[in-house]
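Please look over the sequence and the 3D structure shown below before reading on.

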Amino acid sequence: MSLFPYLVAAWIALVGLYGLVTSRHLVHQILCLVVLQSSTYVLLLAVGFKTGGIAPYFSDVSGRPVTVDPVVQALVLTDIVVEVAVTSLLLGLAVRAHRRFGSVDPEELRQLRG
Amino acid sequence: MRAPGTLDPLLPLVVVVPLLVAALLAALSALISQHRRVLDLVAIATSVAVSAMLVVLMARTAGGVAVYWFAGLHPRHGAAIGIDFAAGSLSCGLAALTAVLVTASMVFSWRYFETASTWFHSLMLVFLAGMVGFCLTGDIFDLFVWFEVMGVAAYALTAFRVEEKGPLQGAYNFAITNSVGAYLSLLGIGLIYARTGALNMAQIGRALGHGRPGSLVVVAFVLVLVGLITKGAIVPFHFWLADAHAVAPTPVCVLFSGVMVELGLYGVARVYWSVFGAGLGHRSAITAAFLALGILTALVGAFFSYRQRHLKRMLAFSTISHAGLFLVGFALLTPLGLAGAAAYVIGHGLVKAALFLCVGAVLHRLGSVDESRLHGRGRALKTTGVVFTLAALGLADLPPFATYLGAGWVGDSASSHGAPYVTAVVMISSILVGGAVLRVAGGVFYGLGDPPREDPRLRQGATEERSETSGDEAKVPLTMTLPPLVLVAAAAAIGLLPHLGSVLQHAALQVEDEAGYVKTVLGGAAVHHLSALSPKEPTAVRAIDLESGFGTAAGALLLALGGLYYRRLPGLKRLRPARVVADTFDRLQSGVVNDYLTWLVFGVACIGGALAFSLR
């Protein structure tokens, strides 16, 4: 197993974090959060990968074939469900914020301070 | 009594019942949304039932950790193939506290909201299920899932008044920071799965227990930690908390401050003792790192709390300060330290919930949470005033409130493990926090001293606060005075329980007995002889605990009087305490989520660097 997918996961995570910190648009910022989360998919799938392994659901293969780890795939699915819930809620908030503040810049959301 | 180690059918029920009722309420919302009282009754009955089940579980698990394998997938040859709930009495106790506070805030909401649609009740029940599941789970990926379940419910509840600016901003900052923390935790979980091939906490702990930790495990530990201490509001991960508290409806604040923050720290203890403890080693370096974080948090939170004029934000910063003290209790890695933190969490949870409910009653009647506007206007709210004052004294560690025991035990354990300065830190931060809240009690409810100068930052928000309640009622209804009264009485009663110390220390030993946890979960063994790293320490209430408790409360009273009357003292008239420093710090709490995330990244870098350096 090469190091490459782990480096990709780390890179995606860092890019997502960079975007979150510097973003000046709510929707952009939320998508950066999605990017950050995508790094977890890459990491988990890389962890479960086996060279030459087939998908862990099969019926027409005889013997005991090599499969990739099914656990991480279940984790990624759960992770996606979590992401859908969080992202949709955040996007809903962004729409409302645009309506109330008249801006989608996080710097302009300044009702609370100190 | 059930033999330890056997399956307990109550374990899954405490999560399944609230989730099912929540789904049912949401599904039937068209039918029952007109019958507000039916909704209230069903929700209250559910949370009462969950509390009762958890109290039973707490008694049953005193003998040993209870385990439940979902779908009956028991471990084979010592390897977990299913998902489990594994709970000792400390976990069940914390979950029970959660359910009790949910009940209290449900009762409080009886007359609180003008219109509460079904989804308020559904969300509260999902929130309850998420928090209870987080306490009981024995699987590290499920820990993340429950973390997000309670997270999403909490974000939505924060934005309850979604038509207003404040709640939108508070909920957005809360959701973004906590989600970033959660995803970094998930990266850590992925790394730990890569190393051990396991997700069950006991099995990971056993796999990591052999051999050197290695850099991968340290990185995974730091990443998992980020999400938990973001939820636990540890400086510099704490910024979201004040924003979320300032805008969330008061019954929701009760849960945020009373248990949700504490759950983050419980997660740190759970993950440390079940997963990483044996593998990481270097206990003294771990102690030093968490002690530093805890002390910093306690002092920063207390300082900000004393500066605040916005009541909800003041209580929010006091929660941050106390979260630091809880972390200090855990950091000692002794049974007495953890027991002290547990007693502190119980006492603080009950007292802080009462304070928030009183603030809710004030907001309901007087339409403001600004200390300077409220000065002397709370005289008519007699019961609320008395309860608020008592709860404030409880926050300042006055015996017999359970908080003084927590402070005393944490201090005792620290002193006997070479950190005598912890007692001073606990006293200073409790005096500052208690002084701030007592100043409010004296000023608002009894009209003492001079009204504070109006805070320009609060002026624009003042008009918005009003719409949380219908207001204009002749007096505070019973459903708003009774819950805080009961909670304060409970905090005092628990502090008077005769064997509290030994019971809590036994529960703490259960958590810290790593080998025993592994044997119970994976081997189904009944562990009778708990063996933790540090031996038990005496838990008798000593004179010095009482003295420091009374001393702290007296100090807080003096500070409160000073805050109320300082302008009448000669020489102090022109003094504006720590003005320049404070203004600089206020600017840090900018309300912009990008800044909070910068601090989060900075914090990760600092903690990661410190641990990577010291855990080699």
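This is a predicted model: local features need pLDDT of at least 70, side-chain atom pairs count only at pLDDT 80 or more; totals for chains, interfaces and linings use all residues.

- Sorted by class, the contact of H1(A) with H25(B) has five nonpolar residues, three polar ones and no charged ones.
- Within chain B, the axes of helix H18 (residues 421–446) and helix H23 (residues 543–565) come within 7 Å and cross at roughly 50 degrees, so H18(B) and H23(B) are likewise described as oblique to each other.
- The crossing of H18(B) and H23(B) is right-handed, and by class their contact has nine nonpolar, ten polar and one charged residues.
- Among the residues of H18(B) that meet H23(B) are Gly434(B), Gly435(B), Leu438(B) and Arg439(B), and the residues they meet on H23(B) include Gly551(B), Gly555(B), Ala556(B) and Ala560(B).

**A residue in helix H1 of chain A**

- Val8(A) is found in helix H1 of chain A, which covers residues 4–22, and with a relative accessible area of 26% Val8(A) is partly exposed.
- Although Val8(A) and Val42(A) are 34 residues apart in sequence, the distance from C-alpha to C-alpha is 7.7 Å.

**A buried aspartate in chain B**

- Asp40(B) has its place in helix H3 of chain B, residues 36–60, and counts as buried because its relative accessibility is 2%.
- Which side chains does Asp40(B) join by a polar contact? One polar contact, of 2.8 Å, links the side chain of Asp40(B) to that of Arg37(B), and another, of 2.6 Å, links the side chain of Asp40(B) to that of His121(B).
- If neighbours within four places in sequence are left aside, Asp40(B) is in contact with Trp110(B) and His121(B).

**Backbone features in the loops of chain B**

- Most residues other than glycine have a negative phi, and most peptide bonds are trans.
- A cis peptide bond, with omega about 0 degrees, joins Val235(B) and Pro236(B), and Pro236(B) sits in the loop between helix H9 (214–231) and helix H10 (239–247).
- Another cis peptide bond, also with omega about 0 degrees, joins Pro399(B) and Pro400(B), where Pro400(B) belongs to the loop between helix H16 (382–395) and helix H17 (402–415).
- The loop between H16 and H17 of chain B also holds Asp397(B), whose phi is near 65 degrees, a positive value in a residue other than glycine, and Asp397(B) is buried, with a relative accessible area of 2%.
- His282(B) has a positive phi as well, near 45 degrees, and lies in the loop between helix H11 (250–280) and helix H12 (283–307) of chain B.
- With a relative accessible area of 33%, His282(B) is partly exposed.

Methods
Residues are numbered from 1 along each chain as its sequence is written. Chains are lettered from A and ligands numbered from 1 in the order in which they are written. Side-chain values use heavy atoms; hydrogens and water are left out. Helices (H or I, at least four residues) and strands (E, at least two) are DSSP runs, numbered from the N terminus. Buried means under 20% relative accessible area, exposed over 50%, partly exposed in between (1.4 Å probe, protein chains only). A polar contact is a pair of N or O atoms within 3.5 Å; within protein, one must be able to donate a hydrogen and the other to accept it, and residues adjacent in sequence count only if both atoms are side-chain atoms. Contact means heavy atoms within 4.5 Å. Axes are lines fitted to C-alpha atoms, for helices over the stretch in contact, and angles run from 0 to 180 degrees between N-to-C directions. Angles under 35 degrees count as roughly parallel, over 145 as roughly antiparallel, 65 to 115 as roughly perpendicular and the rest as oblique. A crossing is left-handed if the near helix is turned anticlockwise from the far one by less than a right angle, and right-handed if clockwise. Ala, Val, Leu, Ile, Met, Phe, Trp, Tyr, Cys and Pro count as nonpolar, Asp, Glu, Lys and Arg as charged, and the others, Gly among them, as polar.
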